[in-house]
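Please open the structure in a viewer and keep the selection panel at hand. The stops below are given in the order in which they may be selected.

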Amino acid sequence: MVELMDQPNLQSHSPCNSQSSHASPTAASCIARATVSATASTSISNLISAATNGTGVVPLGAEASAASLQITATHAPLADSLAAPPSLSTECAHDHTSSQSSLKRNKTTEGFKDTLASVAAGLSQATVGHPFNTVLVRMQTDARFTNPITTARTIVRDEGLRGMYKGYSSMVFGLQLINYILMPSYQFARRTLDPNFKYIGAEHDSDTLRWDHVFMSGAFGGLVGAPLVTSIERFKTRAQFLNMKHPGHTETLQSAMKTLLREQGARRAFFTGFTPCLLRETLGNGFWFLGYEAVRHFAAQYYGTQDIPLHALALSGATAGFCFWTSSTWLDTIKTTIMARDLHGKDANMYRVARTLMKERNGGFMTLYKGYSASILRSLPTAASIVVSYSLVRRWLD
């Protein structure tokens with residue numbers, strides 16, 4: 001008597017089994033053939049069981065010959081079909097290679113779309129936010145200005161409406177670079193931590209949203225962009241400070257950069273105020289994206305769809321701006337003071353600068369929030385325009 005071994009599951013050993021549910025038609029046909037093979041295997045197992053009278057033992061002699069003849073006569077076509085497809089593994093391997101190439105092309109396309117959407121976001125950010133930023137810098141660097149409305153009126157009266165947009169063309173270029181780094185860096189981190197994430201403003205499953213992933217991704221984006229942000233804001237602050245001291249003078253980002261490089265060298269010209277700017281960008285952007293995703297998450301639940309309307313997107317952007325400046329205005333004040341007063345060495349120590357400012361203003365920690373109202377007035381429309389313009393361009397490209 002010879003004992004029968006259990007029949008192997010052909011489906012589990014099929015070369016097609018590694019393909020995902022999104023396989024191409026070739027892979028789908030492979031999976032279909034493997035399923036047919038498995039079904040056929042089950043049928044043969046049943047016949048063998050019948051031939052052995054359910055005992056699992058092959059009969060010898062005449063009984064075995066009769067059973068063999070019965071199986072061969074009845075299932076010859078089926079046996080032929082099982083022996084037929086040695087090309088299955090070749091077809092599926094080819095399809096696996098094609099899928100990998102398609103995935104690489106898809107990643108490149110997504111990056112290109114992210115870049116174009118970031119350009120649109122930077123343009124809208126500069127157009128909406130630059131006048132508010134001019135008012136903010138004046139309030140932070142000149143003790144005479146305590147109210148954003150009064151500050152704006154003074155600028156317009158002394159310098160005209162153009163005074164609110166001094167350095168605008170340079171800022172457009174700078175913000176394009178910043179957004180080119182910040183947005184893709186955030187999305188790279190999110191896609192790394194959360195495979196379900198596609199892009200900012202896309203329809204994605206908010207049930208899997210993890211707030212720690214959002215904050216860490218935003219902080220990562222701020223960390224990557226901090227060196228560039230520091231350099232641009234250094235030149236911008238210098239230009240705006242000189243324009244404030246000399247109303248008839250027009251200092252641009254380029255002229256401020258050339259002067260600082262000539263007078264101070266590359267290190268001080270580009271990285272004065274780097275530490276508070278780095279902390280502001282990491283902390284602020286962590287809360288920026290956290291505020292955005294929180295409002296978007298609850299809006300999706302309220303409307304019953306991930307494709308929320310534009311006014312809800314604008315609200316999420318405004319909330320993001322509020323979160324950014326509420327968490328980091330004190331760091332921005334220290335950073336701006338270091339840059340405007342051209343402090344370096346021990347004089348640029350954050351703790352020392354904070355103590356000096358609190359002493360000059362006869363107050364405590366909250367004196368570092370001078371200009372906060374201007375920051376909020378700027379951030380609400382600016383952040384809303386960033387989110388809306390980015391999402392619109394991204395949806396259009398899709």
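Begin with the second largest pocket, which has a volume of about 250 Å³. To display its centre, select F271, T272, G273, F274 and A348, the closest to that point among the 15 residues of the lining. Two elements, α8 (253-271) and α9 (274-303), each give two or more residues to this lining. Helices here are DSSP runs of H or I with at least four residues, and strands are runs of E with at least two, numbered from the N terminus. The model is predicted: local features need pLDDT of at least 70 and side-chain atom pairs pLDDT 80 or more, while totals for chains, interfaces and linings use all residues. Residues are numbered from 1 along each chain as its sequence is written, and side-chain values use heavy atoms, without hydrogens and water.

On a 1 Å grid over the protein atoms alone, a pocket is an open set of points with protein on both sides within 12 Å along at least five of seven lines, whereas a cavity is a set where a 1.4 Å probe fits but cannot get out; lining residues have an atom within 4 Å of a point. Grid points are joined across faces, edges and corners, and a volume is the space filled by probe spheres set on the points.

The largest cavity has a volume of about 570 Å³. Select Q125, L175, E233, W325 and R378, the closest to its centre of the 33 lining residues. The largest share of this lining, eight residues, comes from α4. By class, the lining of the largest cavity holds 14 nonpolar residues (Ala, Val, Leu, Ile, Met, Phe, Trp, Tyr, Cys and Pro), seven charged (Asp, Glu, Lys and Arg) and 12 polar (the others, Gly among them).

Now select the aromatic side chains, which form 13 pairs. Rings of Phe, Tyr and Trp (its six-membered ring) pair if their centres lie within 6.5 Å; planes under 30 degrees apart are stacked, over 60 edge-to-face and the rest tilted. Y302 and Y303 make an edge-to-face pair, 5.0 Å centre to centre with 90° between the planes.

Then select W330 and F365, whose ring centres are 5.7 Å apart with planes at 55°, so the pair is tilted. W330 belongs to helix α10 (residues 310-340) and F365 to the loop between α11 (350-360) and α12 (372-397), so the pair ties together parts 35 residues apart in sequence.

Finish at Y186, W288, F289 and Y292, which form one aromatic cluster.
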